[in-house]
Amino acid sequence: MFYWSSFSDFLHMGGYALFVWGSYLVTIFVLIIEIALLRSRNKALRKTLISEIRESERN
Amino acid sequence: MSSLNLNWFKYAAPQRFYGLAGSLIPWFVVSGVILTIIGLVIGLGIAPTDHQQGDSYRIIFIHVPAAWMSMLIYLVMAFWAAIGLIFNARLASMLALSLAPTGAIMTFIALWTGAVWGKPTWGTWWVWDARLTSELVLLFLYFGFLSLHASIEDVRKADRSAALLAIVGVINVPIIYFSVKWWNTLHQGASVSLTKAPTMATQMLTGMLIMVFAFWMYSIAVALYRCRNLILERERHADWVKEVL
């Protein structure tokens, strides 16, 4: 079923390992950064909003 | 018909949309992960090598989906920006703003993987041909949209000004898409066409289309998540926000 005869063949990518893995790794990296930024933004936002609400309830 | 219309407008309220998006995101995440696994197993594992380009062609499984998404997201973004502008709809403008960063990221991925694919195939990372140049213009349009929006303090004013820029920039999308037809470019022609039989092996095409759907799922999930952040930020003084926090 699989095209490759071994795992090292797969990693070698017919001599194009640098190019193929270079594009896949950068893509994964960029997407992970996007998700991480969104999550940390969400956390920070919740924190600020909750403290804002507490502040207004005290006054 | 009227009940159908009612349902649509129901979700135009940020509060309703916040809940709807929150319950939809997990579905898009799960289907995105499943599609990515299947697509990569087919593309990187099962599909045969290309007799012209060797295994460097395997970049196609992210390059084409990212390039398609970069154009499609722009059109959707401009559509919602226009709706926001014409009907003064807050949620539509927020959707447009939520799509822009993801669109820029897709454009960057298309350019990056294109450069890395170009080096072994054409012998150069970059050429100023019509396809590559117009895709770079797309990246600057996203940057322009985002920085124009960020530079105006009043958010509704920012929404409107950025919407105008987005609408004018739509002209660039058909230029990117048809550039390989209209001009002599180093970039190869369309890999998939509705009118011609596919020129790719079935497994290559299957892997690529599955990855296209995976990128769809990813983009929808992150755009909805970002939109939820935006809604929280802009509706912070509404009573319902206190309840969901």
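Which residues touch the most other members of the largest nonpolar core? Before I answer, a word on conventions. This is a predicted model, in which local features need pLDDT of at least 70 and side-chain atom pairs count only at pLDDT 80 or more, while totals for chains, interfaces and linings use all residues. Residues are numbered from 1 along each chain as its sequence is written, and chains are lettered from A and ligands numbered from 1 in the order in which they are written.

The answer is Met77(B), Ala81(B) and Ala96(B), in a core of 70 residues. A nonpolar core here is a set of buried Ala, Val, Leu, Ile, Met, Phe, Trp, Tyr and Cys residues joined through C-beta atoms within 7 Å. Buried means that 20 or more other C-beta atoms lie within 10 Å of the residue's own; exposed means 12 or fewer, and partly exposed is in between, with C-beta atoms placed from the backbone. Among the helices that each supply at least two residues of this core are α2 (17-58) of chain A and α3 (60-87) of chain B. Helices are DSSP runs of H or I, at least four residues long, and strands are runs of E, at least two, numbered from the N terminus. The most comes from α4(B), with 17 residues.

Turning to chain A, its secondary structure consists of 2 helices and 0 strands. Its C-alpha trace spans about 70 × 25 × 15 Å along the principal axes. Of its 59 residues, 12% count as buried.

Finally, Leu136(B) belongs to helix α5 (residues 130-151) of chain B. Leu136(B) is partly exposed, because 15 other C-beta atoms lie within 10 Å.
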